[in-house]
Amino acid sequence: NVAWSSTSLRSAGETIALAARHPVAAGRTYNIARPEAPSDGEWVGKLARLLGVVVTPTLAEDNSEAEDGGRFDPRFHLVLDSSRIRSELGFREVVEEDAGLRETIADEIKRGRPPGLEAG
C-alpha cells in the first residue's frame with residue numbers, strides 16, 4: 001500500500017512502481033511525501049509565486065463559512081512520514097518540487113481547469 005501527499009505525480013508514480021517491484025515492500029505500507037511538511041500558508045505562498053500572483057491567505061474562524069463548503073478543516077493537519085520508504089526502498093523524488101508544481105499547473109491549465117477552479 002502506498003499513500004502520497006505533497007509530491008509530484010511523476011514521483012508518486014515512480015515510487016509506486018518501485019514498491020511494486022521491490023521484494024522488501026511485500027505486505028508493507030508506505031507514505032510518499034517530502035521530507036519536510038510545509039504549512040498550508042507556505043503551500044499557498046509557493047503556488048502563488050509560481051503562478052506569479054500575490055495573495056493574502058485567510059481562514060474563516062467558523063469553518064462553515066469556508067469557500068470549500070466545510071470539506072477541509074484547517075484545525076487538523078495531515079503530515080505523512082516518508083522515512084520508512086526512504087530507508088527501506090531508497091525512495092528519492094524524481095522531480096524537483098518547483099518543477100513538479102509547474103508541471104501540475106501547466107497540466108491543469110491545459111485541461112481547462114485554471115488554478116482556483118474546482119476540478120470536476
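The following conversation concerns the predicted model of one protein chain.

Visitor: What kind of model is this, and how many helices and strands does the protein chain have?

Guide: The model is predicted. The protein chain has 4 helices and 2 strands.

Visitor: Which pattern do they follow along the sequence?

Guide: Read along the sequence, the pattern is β-α-β-α-α-α.

Visitor: What percentage of the residues count as buried?

Guide: Of the 120 residues in the protein chain, 25% count as buried.

Visitor: And of the contacts between residues at least 6 apart in sequence, what share join residues at least 24 apart?

Guide: That share is 76% in the protein chain.

Visitor: Let us turn to helix 2. What should its 12 residues span, and how far apart are its end C-alpha atoms?

Guide: Helix 2 covers residues 40–51, and at 1.5 Å a residue it should span 16 Å. Its end C-alpha atoms are 16 Å apart, which agrees with that expectation.

Visitor: What comes just after helix 2?

Guide: Gly-52 is there, and it takes a positive phi of about 75°.

Visitor: Which residues of helix 2 are buried, and what do they pack against?

Guide: The buried residues are Trp-43, Lys-46, Ala-48 and Leu-50. The buried residues of helix 2 pack against helix 4, residues 97–110.

Visitor: At what angle do helix 2 and helix 4 pack?

Guide: The angle is about 65°, and the axes of helix 2 and helix 4 are 10 Å apart. Helix 2 and helix 4 are therefore roughly perpendicular to each other.

Visitor: What is the hand of the crossing, left or right?

Guide: Helix 2 passes helix 4 in a right-handed crossing.

Visitor: Which residues meet there?

Guide: From helix 2, the residues are Trp-43, Lys-46, Leu-47, Arg-49, Leu-50 and Leu-51. They meet Glu-97, Asp-98, Leu-101, Arg-102 and Ile-105 in helix 4.

Visitor: What does Glu-97 touch?

Guide: Leaving out residues up to four places away in sequence, Glu-97 touches Arg-34, Glu-36, Trp-43 and Lys-46. Of these, Trp-43 and Lys-46 are among the buried residues of helix 2.

Visitor: How far is Ser-8 from Glu-97?

Guide: Their C-alpha atoms are separated by 7.1 Å, although Ser-8 and Glu-97 are 89 residues apart along the chain.

Visitor: Where is Ser-8, and what is its relative accessibility?

Guide: Ser-8 sits in the loop between strand 1 (2–4) and helix 1. Its relative accessibility is 6%, so Ser-8 counts as buried. Apart from residues up to four places away in sequence, Ser-8 touches Val-95 and Gly-100.

Visitor: What about Ser-11?

Guide: Ser-11 is in helix 1 and is buried, with a relative accessible area of 1%. Aside from neighbours within four places in sequence, Ser-11 is in contact with Phe-91, Glu-93, Val-94 and Val-95. From Ser-11 to Ile-32 is 8.5 Å in space, C-alpha to C-alpha, and 21 residues in sequence.

Visitor: Finally, which residues make up the largest nonpolar core?

Guide: The core has 8 residues in all: Ala-12, Ala-19, Ala-25, Tyr-30, Ile-32, Ile-85, Leu-89 and Phe-91. At least two residues of this core come from each of helix 1 (9–21), strand 2 (30–32) and helix 3 (83–89).

Note on methods
Residues are numbered from 1 along each chain as its sequence is written. This is a predicted model: local features need pLDDT of at least 70, side-chain atom pairs count only at pLDDT 80 or more; totals for chains, interfaces and linings use all residues. Side-chain values use heavy atoms; hydrogens and water are left out. The expected span of a helix is 1.5 Å times one less than its number of residues. Buried means under 20% relative accessible area, exposed over 50%, partly exposed in between (1.4 Å probe, protein chains only). Contact means heavy atoms within 4.5 Å. A nonpolar core is a set of buried Ala, Val, Leu, Ile, Met, Phe, Trp, Tyr and Cys residues joined through side-chain atoms within 4.5 Å. Axes are lines fitted to C-alpha atoms, for helices over the stretch in contact, and angles run from 0 to 180 degrees between N-to-C directions. Angles under 35 degrees count as roughly parallel, over 145 as roughly antiparallel, 65 to 115 as roughly perpendicular and the rest as oblique. A crossing is left-handed if the near helix is turned anticlockwise from the far one by less than a right angle, and right-handed if clockwise.
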